[in-house]
Amino acid sequence: MAAAEPAARKRRPKGHFAAGAGRAKRPRGAGRQLEAGMRGILITCNMNERKCVGEAYSLLGEYGDLLYGPEQFSDHEERLSGSDREEDEDDVEAALKKEVGQIRASTEQKLRRFQSVESGANNVVFIRTQGIEPENLVHHILKDMHTTKKKKTRVILRMLPISGTCKAFMEDMKKYTETFFEPWFKAPNKGTFQIVYKARNNSHMSREEVIKELAGIVGSLNPENKVDLNNPQYTIVVEIIKTVCCLSVVRDYVLFRKYNLQEQEKSSKEVKEENKNQSEIESEPKGNDALIV
């Protein structure tokens, strides 16, 4: 009887391990996912996503404070008049409203200037932005790194601003980009352009169809918009992850080495030499491939 006691003490109630499983460490961005309507910055990295997020917060915070000033949190819920609340302190309905207001204030404070969300793809981090222009911030970062040749990150590879997102279905993309492209390409605005396309965890979209349709929309906004693969004024970035299409129109895509932070240490001479060598080995593009990088 005595020998059986230690074994009995080791037993666990039913559901013990199932309950413990729910306490497992939550993955990066858990509870927040990339979805249509978000704006932000898409970042690729080399395996270490957690460290990538840390580097992104540090880099974006540094330049965000420089361009937009220190981050301010909204506390208007906290400043609501206390007199009304005190009058109905014993009122159940008023107490409930007060609690809801506090929850909203807490939630609003969590909507920070930069917030990591689950991207839906490996080695890709998406930082949602609030109250800033992603394309201006990222261009400023790359311009500074390109000028100073200072290396500020280890695991971050490319940093792409995402100015708009929509559902990754052709009809949704066509409807969205007809308005989205206007600031750059609608007459009297015009410019040379190229389209870069990348799809992750998505098999229902056709690369050729997307390129053809988007190029057609740019042309319809102003016939003077022309394709230029060597040194375009604008590069239309199309990044599709699952069922979300991320879009942006960026400047200096070639100069900033496809917005790769690890390449900014190279001199302009090295960049020109590499571009020259690359163009010599590439065959002449045909059809829609002329719009694809």
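**View 1. The sulfur of C245 and the closest cysteine sulfur, in C166.** In this predicted model, the sulfur of C245 lies 4.4 Å from that of C166, its closest cysteine sulfur, which is too far for a bond. C245 is buried, at 0% relative accessibility, where buried means under 20% relative accessible area, exposed over 50% and partly exposed in between (1.4 Å probe, protein chains only). A disulfide is a covalent bond between the sulfur atoms of two cysteines, and it is assigned here to a pair of cysteine sulfur atoms within 2.5 Å; by this rule the count comes to zero disulfides.

**View 2. C52 and its closest cysteine sulfur, in C45.** The sulfur of C52 is 4.1 Å from the sulfur of C45, again too far for a bond. C52 has a relative accessible area of 0% and is therefore buried, and C52 is one of the buried residues of α3.

**View 3. Helix α3 and its buried residues.** Helices (H or I, at least four residues) and strands (E, at least two) are DSSP runs numbered from the N terminus. Helix α3 has 20 residues and reaches 27 Å from its first C-alpha to its last, close to the 28 Å expected at 1.5 Å a residue, the expected span being 1.5 Å times one less than the number of residues. Its buried residues, including E49, V53, E55, A56 and G61, pack against β1 (40–45), β2 (114–117), β3 (124–129), α6 and β4 (156–162), with contact meaning heavy atoms within 4.5 Å. Just after α3, G69 takes a positive phi of about 85 degrees.

**View 4. The packing of helix α3 (residues 49–68) with helix α6 (residues 134–148).** The two helices pack at an angle of about 105 degrees, with their axes 10 Å apart, and α3 and α6 are therefore roughly perpendicular to each other (65 to 115 degrees). Axes are lines fitted to C-alpha atoms, for helices over the stretch in contact, and angles run from 0 to 180 degrees between N-to-C directions. L59, L60, Y63, G64, L66, L67 and Y68 in α3 meet N136, L137, H140, I141 and D144 in α6. The residues of this contact divide into eight nonpolar, three polar and one charged.

**Notes to the views.** Residues are numbered from 1 along each chain as its sequence is written, and side-chain values use heavy atoms, leaving out hydrogens and water. Local features need pLDDT of at least 70 and side-chain atom pairs count only at pLDDT 80 or more, whereas totals for chains, interfaces and linings use all residues.

Terms used. Angles under 35 degrees count as roughly parallel, over 145 as roughly antiparallel, 65 to 115 as roughly perpendicular and the rest as oblique. Ala, Val, Leu, Ile, Met, Phe, Trp, Tyr, Cys and Pro count as nonpolar, Asp, Glu, Lys and Arg as charged, and the others, Gly among them, as polar.
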